[in-house]
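Keep the viewer open as you read.

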Amino acid sequence: MTAEATPQPCDLLIEAGHVVPVEPHGVVLDDHAVAVRDGVILAVLPTSEARARFAPLETVSRPDAALIPGLVNAHTHNPMTLLRGVADDLPLKVWLQQHIWPVEAAVIGPEFVADGVTLAIAEMLRGGTTCVNENYFFPDVQAAIYKRHGFRARVGLPVIDFPTAWAKSDDEYFDRAGEVHDQWRGDPLIDTAFAPHAPYTVNDANFERIRMLADQLDLPVHLHLHETVQEVEQSQKKHGQRPLARLDRLGLVNDRLIAVHLTQATEAEIHLCAERGVSVVHCPESNLKLASGFCPVCALERAGVNLAIGTDGCASNNDLDMFGETRTAAILAKAVANDAAAFGAASALRAATLGGAKAIGFDHLVGSIEPGKQADLACVDLSALETQPLHHVFSQLVYAAGRHQVSDVWIAGRARLSARVLVDLDPAALVANARQWRERIAAIHH
């Protein structure tokens, strides 16, 4: 480039001590910058070159930070943020049937969903998460709230075999799903997926209907699968086959399937998932807390299955901390495989970013820092004593850094967290709102 060349205009130039693009795998680019225009990444290049080549409207300089793709929380029930800590230290069935479902039945509605999602967005942004795969009722309300706050989401269209506040019959679940899908079709931030709850709460006819519609509309199918030993045993008694085999019989085991949990998997099932392009979302902390079992992460990875990471809902985790979840995923995988070299830091961070984006069909948009992708980015300040000395960036991000070290977050090039301060969200108001929900829920749940 000649000295006389005119600098190229761009909206934003982020200069970082370390850029972690995720693709190519395991690479750290020291003293690099990311140029952004119209919400899209224009270039990733050494900071000195970027200063010569671009004339940005705004420059954010973070010499002590790692710039990473925004984290993708590939499985959540974010309205349940308002049920954080309502019922703890109980087995899954008791927790769900005797506590969570009765409380939900009493409070669920558009207001509960809107307030729960808003609280979740603030928590996720402060932890570097920029995209979510959501699974709950009132997807119309969820989508509107995510859109209002400029947050990227794949919103689940629920299907379950019993009446809820969202729909009273099978036909109504599908009619409403169609309406929500049509409303958000083509939106740059919001998309939809079918979200049948689980094999034990959805009948064959509804699964067949989902398969047909998912094929027609090209939508992912997001469900809890092989979460517990009991689920597998129950399916064998009732259907004469394991849940995955039943889904295969119904034509759902393909590259649209987002299988959440998968703590029970035979070698044949692992290879089937690899062969068909199924994505598996690992939610280690929820599985540990509910004693549901361990997902065979290393075996899945070695077989070539795309892995993503999710926090699950705040009622069973009890946070939306993707840094904590990724660290747990990495260290648990080693214990389960009995191999300290398994699922290393770079693989764990990949699962928390590009793996999640791929699972939910957003990998053409986000998940890595590459020109042409959306500028969904998070800056992690590594200057704190807790992350010093800095020998290896990946190691520090996965094994030492905490979500409180996230300084800045952008979604589609728009600042959502700036120098640790939320943009357009008032923490004091969110806390006050959460407290009034606590009073309402306490009056129901004793």
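Which residues in helix 2 meet which residues in helix 15? Before the answer, a word on what you're looking at. This is a predicted model, in which local features need pLDDT of at least 70 and side-chain atom pairs count only at pLDDT 80 or more, while totals for chains, interfaces and linings use all residues. Residues are numbered from 1 along each chain as its sequence is written, and side-chain values use heavy atoms, with hydrogens and water left out.

Now the answer: Val103, Ala106 and Val107 in helix 2 meet Trp437, Ile441 and Ile444 in helix 15. Contact here means heavy atoms within 4.5 Å. Helices (H or I, at least four residues) and strands (E, at least two) are DSSP runs numbered from the N terminus. By class, the contact of helix 2 with helix 15 has six nonpolar, no polar and no charged residues. For that tally, Ala, Val, Leu, Ile, Met, Phe, Trp, Tyr, Cys and Pro count as nonpolar, Asp, Glu, Lys and Arg as charged, and the others, Gly among them, as polar.

How do the two helices sit against each other? The axes of helix 2 (residues 92-107) and helix 15 (residues 427-444) come within 10 Å and cross at roughly 120 degrees. Those axes are lines fitted to C-alpha atoms, for helices over the stretch in contact, with angles running from 0 to 180 degrees between N-to-C directions. Helix 2 is therefore oblique to helix 15 (under 35 degrees is roughly parallel, over 145 roughly antiparallel, 65 to 115 roughly perpendicular, and the rest oblique). The crossing of helix 2 past helix 15 is right-handed, meaning that the near helix is turned clockwise from the far one by less than a right angle.

On to the charged pairs. A salt bridge is a side-chain nitrogen of Lys or Arg within 4 Å of a carboxyl oxygen of Asp or Glu, and by this rule the count comes to 24 salt bridges. One of them joins Arg51 to Glu15, with the closest N and O atoms 2.7 Å apart. Arg51 lies in helix 1 (residues 47-53) and Glu15 in strand 1 (residues 8-19), so this pair ties together parts that are 36 residues apart in sequence. Arg51 is exposed, at 54% relative accessible area, whereas Glu15 is buried, at 6%. The cut-offs are under 20% for buried, over 50% for exposed and in between for partly exposed (1.4 Å probe, protein chains only).

Another bridge runs between Asp204 and Arg246, whose closest N and O atoms are 2.7 Å apart. Asp204 belongs to helix 6 (residues 204-217) and Arg246 to helix 8 (residues 243-249), so parts 42 residues apart in sequence are tied together. Asp204 is partly exposed, at 23%, while Arg246 is buried, at 2%.

Next, look at Arg152 in strand 7 (residues 152-159). Is Arg152 buried or exposed? With 0% relative accessibility, Arg152 counts as buried. Leaving out residues up to four places away in sequence, Arg152 touches a list of residues including Thr130, Cys131, Pro188, Phe362, Gln374 and Asp376.

Last stop: Ala442, back in helix 15. Ala442 is partly exposed, with a relative accessible area of 42%. The C-alpha atoms of Ala442 and Ala352 are separated by 35 Å, and the two residues are 90 residues apart along the chain.
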